[in-house]
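Here is a briefing for someone meeting this structure for the first time. Please look through the sequence and the model, then read on.

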Amino acid sequence: MNFYERMMNLDRRWIYLVIGLVVVITAIFPFDVPLYVTPEVRSIYDYIESLNPGDVLMIGVDYAPEVMAELHPMTYAISRQCFKKDVKLLLCCLHQNGPGMVEQVISQVSKEYNKINGVDYVYLGYKPYPGITILAMGQNFRIPFPEDYYGTPLDSLPMMRGLTNFDNVKAIINISGGSGTELWINFANGRYNAKLAIGVTGVMTSDYYPFLQSGQIFGLIGGMKGASEYEYLAEKDGYISRAKNQLSAYKTMPIQTTSHLVVILFIVLGNIGFFMSKKKKSRI
Amino acid sequence: MRRTLPFALVTGVGFFMLVQYFVPKEEFEIAYEWILDWTIVIGCFAMLLGLWSLTRVNISKVQRKTPGWGYSLIAIAGMVFMLLVGFIPGQKSLERGSTFMLLFEYIYIPIQATMFSLLAFYIASAAYRAFRARTVLATILLLSAIIIMLRLVPLGPLSEINQWLANFILTVPNMAAKRAFWIGVGLGVTATSLKILLGIERTYMGRD
Amino acid sequence: MKKTKFIILIIPLILIFFNLSSPQEKPVPLPPTEVKAFDTPNDNGHSLSVTWKLSPDDGAGKNNVVAYEILRAESPKEEFEVRGMVPSGENLFDDKGSREKEDKNYLPSHKNYYYKIRAKADNIFSESEVSNPAFAYGQWYHTGKTPVLAGVIIFSIFALTFITLARKGKKLYIRPLPGIEAVDEAVGRATEMGKPILYVLGLGTAADIATIASFTILNRIAKITAEHRTTILVPCYDSVVMAAAQETVRAGYLEAGRPDIYKEENVFFVTSMQFAYVAGVNGLMLREKPATNFYLGKFYAESLLLAETGSIAGSIQISGTDEIAQIPFFIAATDYTLIGEELYAASAYLGKEPVLLGTLKAQDWGKAVVIICLILGALAASFHFQFFLNLFRVQL
């Protein structure tokens, strides 16, 4: 086996080792990465900026712990921006492993801004079968969620007075790591014409450009990069602070940069091996 | 009867839901909400069915001491333990600071994050193994992937060109291709739904 | 004299001061006219709509109208209550009520209501005449969804036509699907090696079309494995899917005439947690080392984890999903991939049943119609041919 054939048949454990080292070294020695804020992220930021105190924004948090590295920063940044502007939040969770995620965000951020449950925010909780739940919420939030996450009847919460269904919220932002996004687009926007924006993982981002172009969603935050763009905008306007360690997506950008470079390098090496082996074989 | 009743239910409820979409009348709306409520109830009972299957299969593996029975024992023990922890008196299991949430935050979340982080390693090895410029189309695919990945890399004066290219790829050819996929998948979903409504597709019911 | 001069000077000053400090009278805007109330179309019978002619001082004349307030009462002589406000320039308001009697916003159907419109300019306003009486009632058909209905009917006609043709014996061609052509070879490999086959239905529920399509393929593969006396393992993510999968595999064994070798424990529930499920299936792959892995259904981030582990275990892998984001991972890491709707077509391709082939042909014709509409729509949009574009407008 010549050098190029050995290169093509490289044991995958060497690849794992290189990736591991690159990630660790970059984490220890980070650097600043220049960011370009895309229009689809800016449109969500600008929309929330245009909201008035007392307006209600709904956030559908549909992800589990495994994607929190990509999606948690978005949820934090949006919640902080809303609470700073005294915009009220209505949260729900349609992923069975997600209730703890929402609880983590809302309990932390509400303490930072002295927001009161039931007055400044309501957390509806989790219900299975997301499609059915979204359809039911479009009729009345109380159908799938007669009580909030903490067991309080919705009708006894001051914030829920006058909040019946999607017609009464300014917009919905769905932050999802799975197929829940399609259900929000099909049902919340498709059936009830709710104003919708989404935040998804990096791998899902490219799937939703058609919906952005058709106007079914008005904004798209894609993966860690999108989250870091949002954090960049929020930091500029003082909603989040680097000193308080609130830029969790932005500080992972150097790691993403170096690991992407390594993957590109591996692809190039693999192709060099492929072409050189092919050349040798054709000579023989 | 074993097949007639489920078929009648599927067809009846299916056609009602189809008709209901086009009829805005209040009575149809109420019936629709009633069906939604029942779907949620059935889903909850289905979870019990899953618990039963999980327990039965793993207990059987432990009893017969099949290879890997230790993992089955851990699975059952973990399930029972978490169930019991959720019922600790004086604690609201879903509230931050409860034992249940501590186990969720400090055991479950790190384990899930670890599994997900395997993807970083696997994508590198899959890319190294599979991304070969064998044909013209494969080369175009490869170059597009590299341009998109380079969005994050500071390339100095080339950054702006790369950003523009990446944006173009995402918003024009990618969007066109994805739109074609969605249309094809949408038609496939419509066709399969029609087959189920008309009783042509019955494999999910099994056979006598 | 000095005193007189002082009084002559001071009195006008006092008068000017009072004139400046007293509020100037702001002009009252002219009221809106032609107020018409009517039932909101395409609703459940608990909403009324009001339209009016804009005040002449809205955008013209005194140009001081800032908003319109909409008021409602059960009779013209009763007190009117405010129902809402719209900014200047708008002349339509939907008074949406609730259908629940206990709700404060309850608007009963078949009950007359009257409306008035106030043109507001800061704190002053003028009111229109009272409108005609109007009552709300539900409609039997939502006219805004006509394009959807037309699409459903056209597609159903295609489907029924081709199913009828197929039943009459007309041969319908489907292009070969490499992934499905490889099924026999893949099962044969497992039989020769004495290893099991792993069939993963994905993370979908029994309501997902990809899962339903996968059931049909599972049925065929179960039949083939029963004939070859090869073990098939089906770890399930959802308990309802598990129940259906057990029925499907049992039916396959029955069709092969081998119900005695069917083992229910080979079709089992793992867990409903994504990565816990993947960990379980990966462990199974590394222990059992199946000869062939099928990944057919709905997959998310775990697709690459499954495929790479299968590659480590040395299995032949056939995959198929309608989750577009996962297709590149399957293409990179598995041997054969069914892309998008090829998964739905696979069930028809495997069994070659006329009815299934008929619906597949209907899909193709449906796509042809969509392509024609896309081209015509692009031309219509470019040349502002609004009539054609309005044919496709759906109003919810």
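Two residues are in contact if their C-beta atoms, placed from the backbone, lie within 7 Å. By that rule, 12 residues of chain A are in contact with 9 residues of chain C. This is a predicted model: local features need pLDDT of at least 70, side-chain atom pairs count only at pLDDT 80 or more, and totals for chains, interfaces and linings use all residues. Residues are numbered from 1 along each chain as its sequence is written, while chains are lettered from A and ligands numbered from 1 in the order in which they are written.

**Chain A meets chain C**
- The side of chain A that touches chain C has 4 nonpolar, 5 polar and 3 charged residues.
- Nonpolar covers Ala, Val, Leu, Ile, Met, Phe, Trp, Tyr, Cys and Pro; charged covers Asp, Glu, Lys and Arg; the others, Gly among them, are polar.

**Chain C meets chain B**
- Here 61 residues of chain C are in contact with 52 residues of chain B.
- Helix 5 of chain C gives the largest share of the chain C side, 11 residues.
- That side of chain C divides into 31 nonpolar, 18 polar and 12 charged residues.

**Chain A overall**
- Chain A holds 11 helices and 6 strands.
- Helices (H or I, at least four residues) and strands (E, at least two) are DSSP runs, numbered from the N terminus.
- The C-alpha trace of chain A spans about 80 × 40 × 35 Å along its principal axes.
- Of the 284 residues in chain A, 52% are buried.
- Buried means 20 or more other C-beta atoms within 10 Å of the residue's own, exposed means 12 or fewer, and partly exposed lies in between, with C-beta atoms placed from the backbone.
- Among contacts in chain A between residues at least 6 apart in sequence, 72% join residues at least 24 apart.

**Domains of chain A**
- Chain A is assigned domain 1 (3-27 + 260-283) and domain 2 (39-248).
- The bounds come from an automatic or database domain assignment.
- Taken over C-alpha atoms, the centres of domain 1 and domain 2 of chain A are 41 Å apart.

**Positive phi in chain A**
- Most residues other than glycine have a negative phi.
- A:Asp86 has a positive phi, near 60 degrees.
- A:Asp86 sits in the loop between helix 4 (68-84) and strand 2 (88-93) of chain A.
- A:Asp86 is partly exposed, because 14 other C-beta atoms lie within 10 Å.
- A:Asn193 has a positive phi of about 60 degrees and is not a glycine.
- The loop between helix 7 (180-189) and strand 5 (196-200) of chain A holds A:Asn193.
- A:Asn193 has 13 C-beta neighbours inside 10 Å, so A:Asn193 counts as partly exposed.
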